[in-house]
Amino acid sequence: MTAPLPSRDPLTPPLLDAQGRTMTYLRLSVTDRCNFRCTYCSPASWGGKKDLLTPEEFERIVSVFARMGIRRVRLTGGEPLIRPDILEVAQRIAAVPGVEWLAITTNASHLERLAVPLREAGVTQLNISLDTLSEDTFRRISKQGDFASTLRGIDAAAAAGYASLKLNTVAMSGVNDTEVAALIAYAHARGLTPRFIELMPFGQGTPVPTAELVKRLQDTGLSLVPDEAQRGPAAGPAQYWRAPGGLVGFISPLTQNFCGGCNRVRVASNGDLRSCLGGRAQAPLHTLIRGGATDSELALAIRQALGEKPEGHRFTEPGTRTALLSMMGIGG
Ligand code: SAM
Ligand code: SF4
């Protein structure tokens with residue numbers, strides 16, 4: 001199904017997809033490079049692109065989206081904090097009129113140095129990825145990462161005064177699935193909300209279904225009560241439960257398809273708009289900008305691409321693993 005194109009100014013909100021969903025949330029991959037290379041994320045052969053967008057080009061793209069109704073922006077990657085100009089990228093985006101909320105997803109390796117400057121640049125939320133509290137397991141998952149600086153980065157973020165901090169863990173059978181209770185305690189002790197993500201088919205590893213993780217936690221005697229206020233499309237893809245130490249989130253792309261309430265648009269690190277995490281390239285925004293496109297022409301290209309946004313991802317269909325683009329380029 002293709003949405004009819006508007007006859008009015010394409011910059012005027014709302015920004016609708018083919019299913020009539022209003023898009024308010026933009027995820028920008030600011031690089032496809034990473035200093036970790038986690039087993040479940042990095043493709044087997046990977047070469048980072050050199051031709052990344054500049055801070056000015058990010059600002060331009062975000063300002064077009066903001067005029068169309070986008071209010072929340074997340075920077076992701078690859079590892080966003082390895083960009084030497086990440087503070088300028090954040091400052092420029094945070095200052096775009098209409099942007100109410102700027103978040104970053106990071107592996108924490110550079111947070112010891114950057115947690116405070118990023119908050120001062122206008123970043124309001126951090127999602128931090130940590131899969132284990134064991135250095136050996138860390139080394140097994142991310143061959144190039146530094147465990148000690150990651151933990152120091154998390155402590156720096158906890159002390160930096162962010163409005164919201166989340167700790168994201170990809171649960172993998174036989175790798176880190178026995179650490180879930182310890183990770184919950186670790187996160188709550190630092191004021192972070194722990195969340196567990198079902199492994200999607202981008203790399204190696206065996207997923208653990210959310211229902212099984214919840215049951216295992218309850219079997220250990222942990223009280224977990226569904227938190228209805230923190231569920232549903234408005235709360236995002238995570239389903240939250242209340243534990244004695246605070247909330248615990250579960251993101252279940254495989255067993256509870258969250259696409260129905262999707263309000264997200266993605267721009268990959270090469271500047272291509274992707275209408276869906278499980279979809280294909282739809283609008284080459286970087287090429288259009290460098291070709292001198294006006295804001296209205298960019299907005300029209302965005303609307304055309306979103307007219308083809310699918311109803312849901314296709315992770316559970318046979319053959320999906322080979323059809324998907326790299327997680328490093330799209331940014332999760
Ligand atoms: N480098 C940053 C980080 O690790 O937080 C940001 C980019 S990373 C691609 C964003 C998120 O995607 C991380 O929380 C990571 O754990 C998650 N992720 C990567 N590969 C995944 C997969 N195959 N299944 C589920 N989540 C995945
Ligand atoms: Fe890098 Fe994040 Fe992917 Fe790990 S999950 S390889 S830290 S981009």
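Which polar backbone atom is 3.1 Å from a nitrogen atom of ligand 1? I looked: the backbone atom belongs to tyrosine 40.

**Ground rules.** I am reading a predicted model, where local features need pLDDT of at least 70, side-chain atom pairs count only at pLDDT 80 or more, and totals for chains, interfaces and linings use all residues. Residues are numbered from 1 along each chain as its sequence is written, chains are lettered from A and ligands numbered from 1 in the order written, and side-chain values use heavy atoms, without hydrogens and water.

**Ligand 1.** I checked the polar contacts (pairs of N or O atoms within 3.5 Å). A side-chain N or O atom of glutamate 79 is 3.1 Å from a nitrogen atom of ligand 1. Threonine 106 has a backbone N or O atom 3.3 Å from an oxygen atom of ligand 1. The protein buries 94% of the 540 Å² that ligand 1 exposes when taken alone (Shrake-Rupley areas, 1.4 Å probe).

I then listed the residues around ligand 1 (a heavy atom within 4 Å). There are 18, and Tyr40, Gly78, Glu79, Ser129 and Met200 come nearest.

**Ligand 2.** I found ten residues around ligand 2. Cys34, Arg37, Cys38, Cys41 and Asn107 are the closest.

**Strands.** I moved on to the strands (DSSP runs of at least two residues). They pair if DSSP finds at least two bridges between them. E7 (residues 225-226) and E8 (residues 239-243) run antiparallel, joined by two bridges. Valine 225 has arginine 242 as its bridge partner in E8.

How many bridges join E8 to E9? I counted five, and these strands also run antiparallel. Glutamine 239 stands opposite phenylalanine 250 in E9. E8 and E9 form a hairpin, with two residues between them.

Key: A polar contact is a pair of N or O atoms within 3.5 Å; within protein, one must be able to donate a hydrogen and the other to accept it, and residues adjacent in sequence count only if both atoms are side-chain atoms. Helices (H or I, at least four residues) and strands (E, at least two) are DSSP runs, numbered from the N terminus.
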